[in-house]
Amino acid sequence: FPPAVFPLSCVVQHYSWGKVGLESEVAKLVASGDPLVQIQPDQPYAELWMGAHPRGDALIRDNRIPQKTLGQWIADNPACLGAKVKDAFQGQLPFLFKVLSVNTALSVQAHPNKELAAKLHAQFPEHYPDANHKPEMAIALTPFEGMCGFRPVEEIVSFLQNVPELRALIGEVAAEQLERSGSDDPRGVSAALRVCFTRLMKSEKKFFVDQLNMLVKRISQEAAEGKDTAGSNGDLLLRLHSQYPGDIGCFTIYFLNLVRLEPGEAMFLGANEPHAYLHGDCVEVMACSDNTVRAGLTPKFIDVLTLCEMLNYTPAPSSSKIFPAAQSQLDPNVYLYDPPVPDFAVMRIEIPASIKLYLISAMDSASILLVIQGTAVGTSTAAASEMSLHRGSVLFISANESISLHLSSPDGMLLFRACCLL
């Protein structure tokens, strides 16, 4: 039999928002995973792609395997996905696993549901490259900040009252409609929120740049005088404005929740949920798609009308955006993040130093394993030979195969395993 468990060499994306050189968790993992890699100190290392996506198909690091990439190997050995996964996802690996190292904000964006994705892809294939939905989940590796979902209405109303420049852009009629919308009428609230956000995002470029400059000047002066600018979300505004001067996305901070994750905490982003990652390092898993509708904090193609039409305008507190992990009943070292979509789930595996032999159990799905810390020798009946595992190692594990880890590190191990639980 050909090996069904093997190490991968993964593709790095050098997007401009990434952390630079060895400040980047992506770069650190790549450097530890392959000592021959030279890290360029002035280049951004934004994303590590662990999967079979055509724009970043992982290379197989096992010269006994004739196929060069994971995508080719899965195409030739579709049974490796597991019977249910293979049938449900037409012989494709349904998820893409990533590490992100975010230095400056990513664009304000949302991902379409399947129905909208199919429509956008048919109409504008150059901007929307496939017909799939793209739910995603981020799990913090370092303290991580992002914006996600609409804030509770009372927070937005408070900003409308404290930030005259915001109110000017939205207009008195829409602002008053939101102020009057009552919590007893959620549909009325969502409708008012939609009007306000759409007014903001569609405001004339010259007008919003003037208002933004006035706001930045006012907050800078207040901060210089030692005043508290929290009522205008001053710190974040100045930070985003320094990264993307004159960008309409700077105003979205008054509508979207700021979510702070500690290492191990996660946020799940379903279809149509507005979000923008701001800073920090995370592992991320998503459905295998590249469909993103953008509307600010970016030099890329923006599609304001589509974004404003598609968003989920349900206000909720930022605490509700943190997605909980459940400790496994079968194995107390495993914490499972299982979001409400079929495409993916993630396990965080924390092996304490007291354990010297640990079994990565077989499951009825292909999975990808990432080592964040610790060292071990891995053996598997499905691997050609024993595998040395250390920080930055990435393994593909076919369905129904297990790996025995012989731990050699004094401080245990931290691993993440992406899979599909049907």
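How many nonpolar, polar and charged residues does the lining of the second largest pocket have by class? The lining has 10 nonpolar, 7 polar and 5 charged residues. The legends below refer to a predicted model.

Figure 1. The pocket is lined by 22 residues, and Gln-92, Leu-93, Pro-94, Asn-132 and Cys-288 are the closest to its centre. Helix α2, residues 70-76, gives the most to this lining, with 3 residues. By class, nonpolar residues number 10 in the lining of the second largest pocket, beside 7 polar and 5 charged residues.

Figure 2. A total of 30 residues line the largest pocket; Tyr-15, Trp-17, Gln-109, Arg-294 and Lys-300 are the closest to its centre. At least two residues of the lining come from each of β5 (47-50), β7 (95-102) and β13 (275-287). The largest share, 4 residues, is that of β13. The lining of the largest pocket divides by class into 12 nonpolar, 8 polar and 10 charged residues.

**Figure 3. Close-up of the packing of helix α7 (residues 172-180) with helix α8 (residues 186-201).** The axes of α7 and α8 are 9 Å apart, and the angle of packing is about 150°. Angles over 145 degrees count as roughly antiparallel, and α7 and α8 are therefore roughly antiparallel to each other. Their crossing is left-handed. On the α7 side, the contact is made by Ala-174, Ala-175, Gln-177 and Leu-178. These residues meet Val-189, Ala-192, Leu-193, Val-195, Cys-196 and Arg-199 in α8. The contact of α7 with α8 has 8 nonpolar residues, with 1 polar and 1 charged.

**Figure 4. Close-up of the crossing of helix α9 (residues 205-224) and helix α10 (residues 234-243).** The axes of α9 and α10 come within 10 Å and cross at roughly 125°. The two helices are therefore oblique to each other. The crossing of α9 and α10 is left-handed. From α9, the residues in contact are Leu-212, Asn-213, Leu-215, Val-216, Ile-219 and Ser-220. Their partners in α10 are Gly-234, Leu-237, Leu-238 and His-241. By class, the contact of α9 with α10 comprises 6 nonpolar and 4 polar residues, and no charged residues.

Terms used
Residues numbered from 1 in each chain as written. Predicted model: local features only at pLDDT ≥ 70, side-chain atom pairs only at ≥ 80, totals over all residues. Heavy atoms only, no water. Axes fitted to C-alpha atoms, helices over the stretch in contact; angles between N-to-C directions. Parallel < 35°, antiparallel > 145°, perpendicular 65-115°, else oblique. Left-handed = near helix turned anticlockwise from the far one by under 90°. Contact = heavy atoms within 4.5 Å. Nonpolar A, V, L, I, M, F, W, Y, C, P; charged D, E, K, R; others polar. 1 Å grid on protein atoms, 1.4 Å probe; cavity = no way out; pocket = protein on both sides within 12 Å on 5 of 7 lines; lining within 4 Å.
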